[in-house]
Amino acid sequence: MRLSLLQKQESAHDDSVWAAAWAPTGNTLVTGSVDESVKLWQEVGDTLEQQHHLVGLSLGVLGVSVDSSGQYGAASSLDSYVTVWRMDDYNTVHQFTNIPPSETWGLAFAPSSEKLLLAVAGGSSNSVRVLDVAAKEQAAQLAMPESADKQRKEKFVLSVAYSPDGRRIAAGAMDGTVALFDAATGKLLHTLGGHFRPVRDLAFTPDSKQVITACDDMNAHLYDAEHAELIEAFSGHESWVLSVSPHPNGTAFATGSSDSKVKLWDLQTRTCAQTCSEHTDQVWAVRFRPDGSRLVSASDDRSVCLFDFAS
Amino acid sequence: MRAAEHLLASGREGDFEALLQEAVEREQQRSQGPPDVFNQIQALCSLAELKVQQAAAERDRGQRVILLSNSTKLCHRAQYLNMEEQLPELVLGAVALAKNEAMVARKAFEKAMRMRCNGRPSIAPHLALANLHFNQRNYTDALRLYKQALRSCPSCPPEVRLGIAACCLKMGNTDKAELAYKRTLELAPDCTPALLGLAVLKLHISSEEEAFEQDPDNPFVLLLLAHFCLRQGFSDKAFQLDPKLPLPKLGLAQMRVMNNEPQEAASILESVLIDAPQWIDALEVLGRVYPKTTSKSKVVPQFKEAAALRPKNVGLWELLGDLLASLEPAGALKAYDKAIELRRAAAQADGVGSSHLPPRLLNNAAVLHLRAGNTDVSYSLMTQAMQSAARPGSTGVNALVQVTLGYNLARVKEACGSLKAAEVEYKELLKQFPQYGDCCLRLACIAKARGDTKASGHLCLFTACSIQEAGMVHEQVLDKLLEQTDSKQEMFAKLAMANLHAYSAPSDRRKEDSAKKAEVHYSHALELYRRVLEKDEGCIFAANGVGCVLAELGNLTAAKEVFLQVQEASAASDGFLRMPDAWINLANVYLAQEQYTAAIQMYKNALRKFYDNRSALVMLYLARAQYDADQLPEAKCTLTKALHLAPTDHKLRFDVAVTMQACVLEWAVRTLQKKRPAGDPSRYEDFRRAVRDLEHAHRFFQYLHSLGRGHQLDTRKLQQHINFVAKTHGKALAHLERAREDAQKAAQRQAAAQAEKNAQETSKRLAEERRKAEEGVQRRKQEEQARGNVERLRQLQEQWRTNATMQKAVAAGDATAVQKVNNDAAAAAVNAQVDALFASSEEDEDYNPENPDDLPDFDAGGGAAQAGAAAPELTAEPAAGVAGDLEDDFDSDFDMDEGGADAGAAEPPAKRAKHQAVLDSDDEVE
């Protein structure tokens, strides 16, 4: 397996790029930045071309997501607003403005379901909010587990992910707590132990059976989601691991880190297969395209890199 | 032949060779008579042996090979003459030895043992084989052979007994060795080796000299002993005879070394080197002595010169590396790299891999590379060291060294980020050696890095040495430390004590007694720093501390000087001394001196260089500098990024809100100064943005206030902010409304203009109609006139008059409308001006600048406030008047733990010093 750089889009935004997401089809990429805007890109002939520029997301964009139908995009910004727009005409569908400050962070659309549901990491509310976009209201609020552990003090939910089969929601917090919920009932199923530092990103493997986390402790952990067991800790980054993205075929995953590196890990041998040093500053987001043939990475150096993935 | 032997005895090798050549040739030519086979063989073998000796002395590889092959040929010729003759086989053995083929040599000697020398038995092969065994440290066999030789030839030369003695000595049978040596001396009273051996023996028994025991195979140590023994009785006398002569001095120094007085030895050697600079022997001895002394080397430059003059001398470079390791790590690293390069080249020339490099050298270089931050290089070196140590037969690798290597490898892996592997290895080591404190410490560090403070705490307790709690170290503990004599620890303790003093000085010095207290603490700290610096002038931690105290005492210029020097020193160390604190402190001083550009630059550099751009605290400082430099959007952006990194930091959220509030105020002022034309359409958008920012600020303040006591922010201050923002927001909303109206009115005016246009068109049309009507009227009039009806004419005239009045009315109506629009626009502009003053014309006294009507004054007032606020943590002089009030609200509100800023910067040295200590304990193989 190998990543090769196709394009480095310098100055993709006016400032640090913090978030990235691919639309399920059509090679459309969404990026969010501290420059208070979201950009939509189209990959044409191995290069990214800017399609649209959505502005006015105050204080910077923390997370972006595109729903499974590819019709809607969503972004959460540091002013704690969650904005949902239509991907075809870029018009805002709804803006959730009534969530208290510091109670939104990362977000993820639910895989195909009847309702258009959006899970939002609840920041200092120490919970995950599930928003019903069509009804423009909160559908559920999943509370993170209470921990008696004294060293887990910072209650702040940073990251959230849906399993591809839609049955589970995973969330990571500042104090390293990783919780697993049943998406349908909102019941807390497990707590995945092993991290004590902020878990800034996490994702399910394509079979929905495992969870991979990115943590400030310089490790990425692979957990068995059903039995809540730590399978493997991947160490190799020289600083915080900020982002993680499993490959759609389940053989590999990529991580981005504060050490400016993007690493590709082999899930079979459980070793680092490749280290890419294209960026000059922290890599806040890595995302495989749903067809698995591309990887995109976004960084504090304002650039976005497009890689080809060959297995 | 006899003549030849004479020649050899008199040292004329050339003649000897020529004569032998001639003898060999002559024997060949002599065909008649019974050939003197043995003579011929003897001549051939002598010649061959000579060639072997020449080969052994020959430096050039190619030449050596030629000589050896010549010798082999000669031997084969001799063998051809008599297959049973012993001599050629012996020489062949010698050839094999010279080629470093011990096995071949042994076989040759063993074969020779079964042969005879000119028909008689000879002990020569026994001796040769014994020697070989001895050299291979196969002392039992050697001894057996020597004894065999002695038995078969009791009248043999004393060397045999010497061999026996040496074997006994090596085997630890000192009594027998002594007997053998004494017997040898009886036979040959002036046999130096016997004397030497005896001396060594005596020394060995009497003082159990460690060096010899530790490394009996090191020719240098033997040499040293030899030097010593030779002069044992004389060097003192010799020294008295001629105090200037360096050789006896060297002997004396060596004696000191033997007596375990490295300090004295070093001083003697130093004086030797003054008389005879660059004397390589003395330098080498000194290089080995220094690590045992505590003093600083004065001859480092000489070492460097010597090494530079002998770029091929691996040992010297290694020695230089060892010597510099503690003083000048960058130089040491260069020396080690050079040594490795030389060794590698040599290994390549010998056709062996780089795994044949000495593990000690590789390890030391790896440790230094790790300290320099080159983790990758360090890792590869360390792996090589492990390979090299694992290779069978590598010298100087015992179990202990293996452990050290294992620890270092784990340490390097940890630095490379392979935490898991490192953890496993540390644990493995701990299993073998439960007392290995360093392993515990590193495991604690890993746990701490992972954030697992519980596990880390346990481990720390276990080692009874917690890095994290360094700041809490009790003074009593430090006092105890100070009582200990070890100078390194003393320095550390003093440093820590000084930091403690600097740290415990109250940051709030408005009250008199606390000011006094602070002064006492600072003077204590300064004194301690000064003492540390006296001992070690290059101690940048102490220098940094001095800078901090100076800055705290308000002597900013001096502090800046100190910080600049610290920064330079750390930059000059090639990354060995990392001192981000100096950068931050320097930036803090710049900030206090209102040199914002320099401060901002310094913070940015420090962030990039030392913190991977991910220290929320430094970003907070940077934002403060940007805020003070009036770069509000930049400040906001920096704060946003910091908040992104540390979302639970309430201070950051508060500052973001304060900055947004300031952004709005600044924008309001700027907008007013620009005096844009009323009805500018972009104005409304700007207002909307300002209102949005205010809303966010309000939301943030409200949120923080709702947190209650959990956030360590001043609740009263928060409430003030909330009130202020709320009021401003109210005004802004009103203003927004007005701006909207303004925009609406502009639209209305446009509509009115349109209406006017329409009206004009209407009137035009009317006029047209009228004209048409007139025409019609005239036509009719003409008709009427033609009819000549006077009454109708009067009626028509009346109608015409009414039309005129109507027209007039329309015109008048237009005029009032236009005037009205104009009036409205003017009023809106005035309102806008007044309202944009919402910030300055605020009734609340806290926000009231001196002259609410004078716009430029507001700006200046703000500037003064910012200027006054930059220094509060250092000068602590309350700014007078309204500006002071303002400062209270906007600038010290910019919460960055003012007291903590410098104390925080002063604290890390302790941590770092500890870290340094930990690093130092990364054992180097000695």
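Colleague: In chain B, what share of the contacts with a separation of 6 or more comes from residues 24 or more positions apart?

Modeller: That share is 55%. Bear in mind that this is a predicted model.

Colleague: Ok. How many helices and strands does chain B have?

Modeller: There are 44 helices and zero strands in chain B. Of its 926 residues, 39% are buried.

Colleague: What about helix 19 of chain B, how many of its residues are buried?

Modeller: Nine of the 11, so to speak a mostly covered helix, running over residues 314-324. The buried ones include B:Trp317, B:Glu318 and B:Asp322, along with leucines such as B:Leu316 and B:Leu324.

Colleague: Switching to packing. Which residues touch the most other members of the largest nonpolar core?

Modeller: Those are A:Ala119, A:Val128, B:Ala587 and B:Tyr603, in a core of 230 residues. Helix 36 of chain B, residues 650-674, gives the most to this core, with 10 residues.

Colleague: And which residues is A:Val128 in contact with, leaving aside neighbours within four places in sequence?

Modeller: Among them are A:Ala119, A:Val120, A:Leu142, A:Val157, A:Ile169 and A:Phe181.

Colleague: What does the second, separate core include?

Modeller: That one has 52 residues, and B:Leu68, B:Ala94, B:Ala108 and B:Ile164 are included.

Colleague: Now the interface. How many residues of chain B are in contact with chain A?

Modeller: 26 residues of chain B, in contact with 37 residues of chain A. On the chain B side, the elements that give two or more residues are helix 24 (419-432), helix 25 (437-450), helix 26 (453-463), helix 35 (632-645) and helix 37 (681-706).

Colleague: And by class, what is on that side of chain B?

Modeller: You get seven nonpolar, nine polar and 10 charged residues there.

Colleague: Last topic, annotations. Which residues of chain A does UniProt list for "repeat: WD"?

Modeller: The unreviewed UniProt entry lists 10-42, 157-191, 192-233, 234-275 and 276-311. In the model, residues 10-42 of chain A are 0% helix and 55% strand, with the end C-alpha atoms 16 Å apart. Residues 157-191 of chain A come out at 0% helix and 60% strand, and their end C-alpha atoms lie 14 Å apart.

Colleague: Which residues of chain B does "repeat: TPR" cover?

Modeller: Again from an unreviewed UniProt entry, the annotation covers 158-191, 280-313 and 580-613 of chain B. Over residues 580-613 of chain B, the model has 82% helix and 0% strand, and the end C-alpha atoms are 13 Å apart.

Note on methods. Residues are numbered from 1 along each chain as its sequence is written. Chains are lettered from A and ligands numbered from 1 in the order in which they are written. This is a predicted model: local features need pLDDT of at least 70, side-chain atom pairs count only at pLDDT 80 or more; totals for chains, interfaces and linings use all residues. Two residues are in contact if their C-beta atoms, placed from the backbone, lie within 7 Å. Helices (H or I, at least four residues) and strands (E, at least two) are DSSP runs, numbered from the N terminus. Ala, Val, Leu, Ile, Met, Phe, Trp, Tyr, Cys and Pro count as nonpolar, Asp, Glu, Lys and Arg as charged, and the others, Gly among them, as polar. A residue is buried if 20 or more other C-beta atoms lie within 10 Å of its own, exposed if 12 or fewer, and partly exposed in between; C-beta atoms are placed from the backbone. A nonpolar core is a set of buried Ala, Val, Leu, Ile, Met, Phe, Trp, Tyr and Cys residues joined through C-beta atoms within 7 Å. UniProt positions are given in the numbering used here, feature names are shortened, and annotations may be inferred rather than shown by experiment.
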